[in-house]
Number of protein chains: 2
Amino acid sequence: MNSGILIVISGFSGAGKGTLVNRLVTEYDNYALSISMTTRKPRVGEVNGKSYFFVTHEEFEHEIKQDGLLEYASYCDNYYGTPKFYVEEQLKAGKDVILEIEVQGALQIKEKYPDALLLFVTPPSAKVLKERLESRGTETKDVIDKRMRTACKEAEVMKRYDFIVVNDDLDKCVKDTHEMIRAAHYASNRSDDFIQFLKEDLLKLS
Amino acid sequence: MNSGILIVISGFSGAGKGTLVNRLVTEYDNYALSISMTTRKPRVGEVNGKSYFFVTHEEFEHEIKQDGLLEYASYCDNYYGTPKFYVEEQLKAGKDVILEIEVQGALQIKEKYPDALLLFVTPPSAKVLKERLESRGTETKDVIDKRMRTACKEAEVMKRYDFIVVNDDLDKCVKDTHEMIRAAHYASNRSDDFIQFLKEDLLKLS
């Protein structure tokens, strides 16, 4: 029960994933944030190995060939992906590694890593979701409508996540999420080593 | 997410199940303890509907025929079982209903109620288990040896429980168990109603 859990967080645009993840990483010391790898150029202020791992197209394609990525996708002529080495290093160090990622990538990861913990973040209702998107004041009506339609599609796969995180009151949401992750450490499918130890230990003493 | 969860607690003799269950019921108000039905005669001080539901052989067999029991077994010429009506009444009222039961009964229940939450309580090691059995000072060496051999067999099915509850420090164990149960309310397989509501709600607004 000493190694960390790979935690995948998805949810509707406007659900508050980013804020939730920031709060978890800031308030508890068991979390590490996964760092993505990308071929796009760094923007002003972005630091290599902190914001992203910035690499060339050739380096990225080399990683793909080496099976060095947990998942990846291509977007606007650039690659984005999750490097395995950093995640695995943090898991071994006992950190619960958080990946904030869209639903297709999340389900890819669950196939490769059945012990990953998938959390889906949602507001308590469609009305609240729409209000949050509108209150940002930065998106046009068209963009908001598109996000609501995307949410409809994403809702179809919620069932394949392990937990549904309702973000109504943020403080409660942060606390609940942290409890779900703590509890997940005791799940029997993540306790193989302990169960094996205990079986052998009982045999010796009986 | 408003109805309760059926919680099945098993574990090695000497693991501290009884103490754990008592602490949960005493310290938190979301729990109800399942009451067993039996054909054995009440002992001094035992109250019908509190310690057990005391019934005749005919009444018990009538319950079996009516499919009125979650599980039952016969022991020393008496029947012991878990009546459905009480459990279902408490679940509907939003209580998390705790059933302390041995492994065979627990696995029977998981087959009938896949949403039941199965917790297996264990000390951190075989040595601690043996020490706890010895420290009771009431059992002979033969009985303790038999319990250790039973533990070996029970360890084979630990994997089929949802969570492994390590009872090392009791206060921590009570808190951890309560967190596992709280978290379980957010599991996607127990959120069917909310997911369905949200899907329809999103369709209406997009």
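The largest pocket of this predicted model is lined by 42 residues, and those nearest its centre are A:K17, A:Y75, A:E100, A:I101 and A:E102. A pocket here is an open set of points, on a 1 Å grid over the protein atoms alone, where a 1.4 Å probe fits and where protein lies on both sides within 12 Å along at least five of seven lines, while lining residues have an atom within 4 Å of a point. The space in the largest pocket comes to about 1600 Å³, a volume being the space filled by probe spheres set on the points, which are joined across faces, edges and corners.

Two or more residues of this lining come from each of β1 (6-11), α1 (17-27), β5 (69-75), β6 (78-83), β7 (96-100), α4 (103-112) and α6 (141-155) of chain A, and α6(A) gives the most, with seven residues. These elements are DSSP runs numbered from the N terminus, helices being H or I with at least four residues and strands E with at least two. By residue class, the lining divides into 16 nonpolar, 15 polar and eleven charged residues, where Asp, Glu, Lys and Arg count as charged, Ala, Val, Leu, Ile, Met, Phe, Trp, Tyr, Cys and Pro as nonpolar, and the others, Gly among them, as polar.

The second largest pocket holds about 1200 Å³ of space and is lined by 35 residues, with B:Y52, B:Y80, B:E100, B:I101 and B:E102 nearest its centre. In this lining α6(B) gives the most, with five residues, and the residues divide into 14 nonpolar, eleven polar and ten charged.

Turning to the strands of chain A, an open sheet of five strands runs in the order β2-β7-β1-β8-β9, with parallel pairing; two strands pair if DSSP finds at least two bridges between them. Its edge strands, each pairing on one side only, are β2 (31-33) and β9 (163-166) of chain A. The parallel strands β2(A) and β7(A) are joined by three bridges, and A:L33 has A:I98 in β7(A) as its bridge partner. On this sheet packs helix α3 (residues 84-92) of chain A, which touches β1, β2 and β7 of chain A (contact means heavy atoms within 4.5 Å) and whose direction makes about 145 degrees with that of β7(A). Such angles run from 0 to 180 degrees between N-to-C directions, with axes as lines fitted to C-alpha atoms, for helices over the stretch in contact.

Residues are numbered from 1 along each chain as its sequence is written, and chains are lettered from A and ligands numbered from 1 in the order in which they are written. Local features need pLDDT of at least 70 and side-chain atom pairs count only at pLDDT 80 or more, whereas totals for chains, interfaces and linings use all residues, and side-chain values use heavy atoms, with hydrogens and water left out.
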